[in-house]
Amino acid sequence: MHVIADLNVIPLGVGVSVSSYVAACERVIQEAGLNHRLHAYGTNIEGEWDEVAAVVKRCHEVLHDMGAPRVNTSLKLGTRTDREQTMADRVSVVEGLLDT
């Protein structure tokens, strides 16, 4: 099943700056070869359900390996059965409405 996810991973107990942890999680997503887009408070990811879930798990593993004693994740998932839809499709529909 194709899924579009909004992933926000927060390592706890590592200090104020978490950018190196975010970068490590982004590397995991890149290595998985999934379509993704980093944004200010997380990352949108699209792909098959099991592949996206495996990336989330791997992000947790990597951040723990980096020394984060706790990792808190917020995850929003969306699926459709009536038609195929990509992240780009979703954005372009709204942008098209803004142009009118």
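Biologist: Which side chain does the side chain of Thr43 join through a polar contact?

Modeller: In this predicted model, a polar contact of 2.3 Å joins the side chain of Thr43 to that of Glu26. Thr43 itself belongs to strand β3, which covers residues 42–48.

Biologist: Is Thr43 buried or exposed?

Modeller: The relative accessible area of Thr43 is 5%, and because buried means under 20%, Thr43 counts as buried.

Biologist: How should I read the pockets, and what lines the largest pocket?

Modeller: Rolling a probe the size of a water molecule over the atoms shows where empty space is left. Here the largest pocket holds about 410 Å³ of space, and its lining is made of 19 residues, with Ile4, Ala5, Gln85, Met87 and Arg90 nearest the centre. Strand β1 provides the largest share of that lining, 4 residues, and the lining divides into 6 nonpolar, 6 polar and 7 charged residues.

Biologist: What is the volume of the second largest pocket, and how does its lining divide?

Modeller: The second largest pocket has a volume of about 250 Å³, and of its 17 lining residues Asn8, Val9, Val22, Tyr41 and Gly42 are the closest to its centre. Elements β1, α1, β2 and β3 each give two or more residues to this lining, which comprises 12 nonpolar, 4 polar and 1 charged.

Methods
Residues numbered from 1 in each chain as written. Predicted model: local features only at pLDDT ≥ 70, side-chain atom pairs only at ≥ 80, totals over all residues. Heavy atoms only, no water. Buried < 20%, exposed > 50% of the residue type's maximum accessible area, 1.4 Å probe, protein only. Polar contact = N/O pair within 3.5 Å; in protein donor to acceptor, adjacent residues only side chain to side chain. 1 Å grid on protein atoms, 1.4 Å probe; cavity = no way out; pocket = protein on both sides within 12 Å on 5 of 7 lines; lining within 4 Å. Points joined across faces, edges and corners; volume = space filled by probe spheres on them. Nonpolar A, V, L, I, M, F, W, Y, C, P; charged D, E, K, R; others polar.
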